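Me: I should like to learn how to read the confidence, the core and the sheet of a model. Please take me through them in turn.

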Amino acid sequence: MPSVMGLLEERERAARQRVEALQAELREAEAVWERFVIARETVGEVLAEPRGGEDAAPVVVAGERPVQVRQAVPGSVVPHWEEGLAPAVLAPDYRRIMDVPSGGNGRLGEAMDCRQLAAALGLEPVPAKVEGVRSKAKRLAVRGWVAEDRPGLFSVPVGRGGGS
């Protein structure tokens with residue numbers, strides 16, 4: 001029959017091994033997190049570099065320091081719209097979608113469906129192209145850049161588009 005002290009020592013040893021394993025896992029997780037922080041800061045600095053374009057309002061992620069964005073690049077994240085944020089912070093494809101109903105090829109505030117948007121952008125009105133426009137328009141609507149008046153009908157509220 002094992003002694004009580006022997007059982008306690010065995011459990012203590014198991015708990016110490018578990019703590020050491022968790023500490024090693026924590027160190028690895030902190031290293032990964034550190035790399036993401038550095039990557040985000042580096043991307044913010046690159047986007048903030050002058051590209052000969054006009055200055056846009058700073059892009060702010062909740063709880064983070066503002067990053068001055070001069071011009072978005074293709075593949076950029078669509079930020080949530082807020083007062084004073086210019087369409088210049090959007091990637092070119094998103095700016096083009098906003099330009100159509102905000103005065104580029106349509107009347108200001110006119111709601112357009114995705115097929116009309118695709119045609120106005122010079123794209124073939126085939127399902128693949130229309131769905132690409134629809135996904136971008138939906139993303140703009142979710143983030144407050146355009147209004148989805150009815151399902152599938154998008155318009156740009158006054159003061160949010162044009163002249164980008």
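The dialogue below treats these topics one after another.

Me: Where in the protein chain is confidence lowest, and where is it highest?

Reply: As a general idea, where pLDDT is low, the predicted coordinates should not be read in detail. This is a predicted model, and the mean pLDDT of its protein chain is 78, with 73% of the residues at 70 or more. Confidence is lowest in strand E2 (residues 67-68), where the mean is 52, and highest in helix H1 (residues 4-48), where it is 91.

Me: Which residues touch the most other members of the largest nonpolar core?

Reply: In soluble globular proteins, nonpolar side chains tend to be buried together. Here the largest nonpolar core has 23 residues, and Leu 117, Leu 140 and Trp 145 touch the most other members. At least two residues of this core come from each of helix H2 (92-104), helix H3 (114-120) and helix H4 (127-142). H4 gives the most, with five residues.

Me: What does Leu 117 touch, beyond residues up to four places away in sequence?

Reply: Leaving those aside, Leu 117 touches Ile 97, Val 100, Pro 101, Met 112, Val 133, Ala 137 and Phe 154.

Me: What is the order of the strands in the open sheet?

Reply: The three strands are ordered E3-E5-E4, and their pairing is antiparallel. Strand E3 (112-113) and strand E4 (147-150) stand at the edges with a single partner strand each, so one side of each lacks a neighbour in the sheet. E4 is joined by three bridges to strand E5 (residues 153-155), and the two run antiparallel. Ala 147 stands opposite Ser 155 in E5.

Notes
Residues numbered from 1 in each chain as written. Predicted model: local features only at pLDDT ≥ 70, side-chain atom pairs only at ≥ 80, totals over all residues. Heavy atoms only, no water. Core = buried A, V, L, I, M, F, W, Y, C linked by side-chain atoms within 4.5 Å. Buried < 20%, exposed > 50% of the residue type's maximum accessible area, 1.4 Å probe, protein only. Helix = DSSP H or I, 4+ residues; strand = E, 2+ residues; numbered from the N terminus. Contact = heavy atoms within 4.5 Å. pLDDT = per-residue confidence, 0-100. Pairing = 2+ DSSP bridges.
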